[in-house]
Amino acid sequence: MGELRIAQLAPRCTVLGPGVRGVVWVQGCSRGCPGCISPEMQPWEGGTAVSTENLAEYLGDLREIEGITISGGEPLAQAEGLNDLMDRLRERDFGWMAYTGYTLEEILEAGTEEQRKWVRRLDILVDGPYREAEHCNGPWRGSKNQRIHFLTPRYRSWQERLGDLENRLEWVWEGNACYWMGIPPRGFREKWETIVREVGFSFQEEK
């Protein structure tokens, strides 16, 4: 049975890819990009180990969504588990989008067989490390060096719309806790943490 180490899940998101999507944030990343908006997802020992069987069952039961976005953390580090997850969800015909800190060329030229297999199964890949000095307002990317690759025809109609889209945040309230999804403006996280400390809320942040 396959396994993935997961930092966070979202059953519904409209800011990390086309349409309404589920999101899986994997745990663990060795790139350590300065200014990373999710540094808590970098340690390999964090997160929760989840079987791909159970995760596929959870995602497969989400009837409102038409696709899945994989972020992190670094998804490429868990390519084998992600391939197993995709195998288990074949019948749902999800559209797949993912973020990676590596370029598409690096993966295809020097990646493992599992990593290359995983990338070739994606519909959209946003590649490249986050560069704080090149922070941009999107869409769907954190810095100007990152590229949005439409790898299949599935979402090609969105490619023409990218110039009209901007990064935006989606907010979720759960009891007295609040978290956000999306790619925020530069310096947002520091301001947000200051606010929640002052008002006494508990908080999470999701890329």
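There are zero disulfides here, counting as a disulfide a pair of cysteine sulfur atoms within 2.5 Å. Take Cys 33: the nearest cysteine sulfur belongs to Cys 29, 6.2 Å away. Cys 36 is in no disulfide either; its nearest cysteine sulfur is that of Cys 33, at 6.6 Å. Cys 33 is buried at 17% relative accessible area, and Cys 36 is partly exposed at 26%. Buried means under 20% relative accessible area, exposed over 50%, and partly exposed in between, with a 1.4 Å probe and protein chains only.

A word on the source. This is a predicted model: local features need pLDDT of at least 70, side-chain atom pairs count only at pLDDT 80 or more, and totals for chains, interfaces and linings use all residues. Residues are numbered from 1 along each chain as its sequence is written, and side-chain values use heavy atoms, leaving out hydrogens and water.

Now the helices. Helices (H or I, at least four residues) and strands (E, at least two) are DSSP runs, numbered from the N terminus. Start with H1, residues 52-60. Which residues of H1 are buried? Thr 52, Leu 55, Ala 56, Leu 59 and Gly 60. They span an arc of only 130° around the axis, so they sit on the same side of H1. That arc is taken from the directions from the helix axis to the C-beta atoms. What covers them includes strands S1 (3-13), S2 (21-26), S3 (48-51) and S4 (67-71), and helix H2. Contact here means heavy atoms within 4.5 Å.

Next, H4, residues 113-120. Gln 115, Trp 118 and Val 119 are its buried residues. Their arc is only 95° around the axis, which puts them on the same side of H4. The face turned away from that buried side carries exposed Glu 113 and Arg 120. Among the elements covering the buried residues are helix H3 (104-110) and strand S6 (124-127).

On to the rings. Rings of Phe, Tyr and Trp (its six-membered ring) pair if their centres lie within 6.5 Å; planes under 30 degrees apart are stacked, over 60 edge-to-face, the rest tilted. The count is two aromatic pairs. Phe 94 and Trp 96 have centres 6.4 Å apart and planes at 85°, so that pair is edge-to-face. Both residues are buried. Trp 140 and Trp 158 form a tilted pair, 5.8 Å centre to centre, with 40° between the planes. Trp 140 is in the loop between S6 and S7 (147-150), and Trp 158 is in H5 (residues 156-159), so this pair ties together parts 18 residues apart in sequence. Trp 158 has another neighbour: Arg 161 lies over its face, 4.0 Å from the ring centre. A charge sits over a ring if NZ of Lys or CZ of Arg is within 6 Å of the ring centre and within 35 degrees of the ring normal.

Last, salt bridges. How many are there? Eleven in the whole structure, each a side-chain nitrogen of Lys or Arg within 4 Å of a carboxyl oxygen of Asp or Glu. Arg 154 and Glu 66 meet at 3.0 Å, N to O. Arg 154 lies in the loop between S7 and H5, Glu 66 in the loop between H1 and S4, so the pair ties together parts 88 residues apart in sequence.

Arg 147 bridges to Glu 105, with the closest N and O atoms 2.6 Å apart. Arg 147 also bridges to Asp 127, again with closest N and O atoms 2.6 Å apart. Asp 127 is in S6 and Arg 147 in S7, so that pair ties together parts 20 residues apart in sequence. Asp 127 is buried, at 1% relative accessibility.
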